[in-house]
Amino acid sequence: MDLGRFIGEHAPGGAVIAFSGDLGAGKTTMTKGIAQGLGIQEEVTSPTYTIQSDYQGRLILHHIDAYRLSGADDFLETGIMELLGTPDSLSIIEWSERIAPLLAAGIPKEDLARIKISVAEGGIRAIELEGAWLEELFQ
């Protein structure tokens with residue numbers, strides 16, 4: 001939650017975060033922290049069945065879950081791609097590995113960040129951060 005809150009406080013408009021990690025790794029929990037950092041008061045829940053939920057804070061949070069999508073074509077059919085990278089928003093995509101080629105081709109490199117959460121034995125989480133704007137936060 002604390003790491004997510006820090007990211008939310010500093011995330012630039014137009015940024016996209018591509019989350020990956022096993023079921024129960026903590027993607028939605030970190031998203032809740034990011035939402036708090038954006039000043040969102042509303043309860044953030046997993047959009048697994050709705051595919052996308054939006055929340056208003058310092059930036060509009062587009063919380064997207066690609067788990068139930070069959071791939072890039074399915075994602076494109078939702079129309080969500082047009083929301084990604086809008087200047088007044090932060091988009092978070094859980095299960096982004098399902099649409100990774102689409103994100104790599106459609107999102108400017110400077111706007112795209114990747115967060116991978118792994119759970120080791122004993123419940124210890126390892127978090128890998130990648131992407132220019134995200135890496136700058138931790139220098």
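Predicted model: local features only at pLDDT ≥ 70, side-chain atom pairs only at ≥ 80, totals over all residues.
Which strands and helices do the buried residues of helix 1 pack against? The legends below begin with that view.

View 1. Residues are numbered from 1 along each chain as its sequence is written, and side-chain values use heavy atoms, with hydrogens and water left out. In helix 1 (residues 2-10), the buried residues are Gly4, Ile7 and Gly8; here buried means under 20% relative accessible area, exposed means over 50%, and partly exposed lies in between (1.4 Å probe, protein chains only). Seen down the axis of helix 1, these buried residues fall within an arc of 100 degrees, so they line one face of the helix; the arc is that of the directions from the helix axis to the C-beta atoms. The buried residues of helix 1 pack against strand 1 (15-21), helix 2 (27-37), strand 5 (112-119) and helix 5 (132-137), where contact means heavy atoms within 4.5 Å. Helices (H or I, at least four residues) and strands (E, at least two) are DSSP runs, numbered from the N terminus.

**View 2. The nonpolar cores.** A nonpolar core is a set of buried Ala, Val, Leu, Ile, Met, Phe, Trp, Tyr and Cys residues joined through side-chain atoms within 4.5 Å. The largest such core has 22 residues, of which Ile17, Phe19, Ile34, Leu61, Leu90, Ile115 and Trp133 touch the most other members. At least two residues of this core come from each of strand 1, helix 2, strand 4 (89-94), strand 5 and helix 5. Met81, Leu84, Leu102 and Ile107 are included in a second, separate core of 17 residues. For Leu61, leaving aside neighbours within four places in sequence, the residues in contact are Thr31, Ala35, Leu38, Ile40, Ser53, Asp54, Tyr55, Leu90 and Ile92.

**View 3. The aromatic pair of Phe6 and Phe138.** Rings of Phe, Tyr and Trp (its six-membered ring) pair if their centres lie within 6.5 Å, and planes under 30 degrees apart count as stacked, over 60 as edge-to-face and the rest as tilted; by this rule there are two aromatic pairs. The ring centres of Phe6 and Phe138 are 5.4 Å apart and the planes stand at 50 degrees, so the pair is tilted. This pair links distant parts of the chain, with Phe6 in helix 1 and Phe138 in the segment after helix 5, 132 residues apart. Phe6 is partly exposed at a relative accessible area of 29%, and Phe138 is partly exposed at 41%.

**View 4. The surroundings of Tyr67 and Trp95.** With ring centres 4.8 Å apart and planes at 55 degrees, Tyr67 and Trp95 form a pair that is tilted. The pair links distant parts of the chain, 28 residues apart, with Tyr67 in the loop between strand 3 (60-65) and helix 3 (72-78) and Trp95 in the loop between strand 4 and helix 4 (100-106). Tyr67 is partly exposed, with a relative accessible area of 37%, whereas Trp95 is buried at 12%. A charge sits over a ring if NZ of Lys or CZ of Arg is within 6 Å of the ring centre and within 35 degrees of the ring normal. Lys27 lies over the face of Trp95, at 4.2 Å from the ring centre, and the charged end of Arg98 sits over the ring of Tyr67, 4.8 Å from its centre. Trp95, although not a glycine, has a positive phi of about 60 degrees.

**View 5. Gly21 in strand 1.** Gly21 lies in strand 1 and is buried, at 11% relative accessibility. Leaving aside neighbours within four places in sequence, Gly21 is in contact with Lys27, Trp95, Glu97 and Ile117. The C-alpha atoms of Gly21 and Glu94 are separated by 8.4 Å, although the two residues are 73 residues apart along the chain.

**View 6. The salt bridges.** A salt bridge is a side-chain nitrogen of Lys or Arg within 4 Å of a carboxyl oxygen of Asp or Glu, and by this rule the count is two. Arg5 and Asp2 meet in a salt bridge (2.4 Å, N to O); both lie in helix 1, three residues apart, about one turn of the helix. Glu43 and Lys32 form a salt bridge whose closest N and O atoms are 3.4 Å apart.
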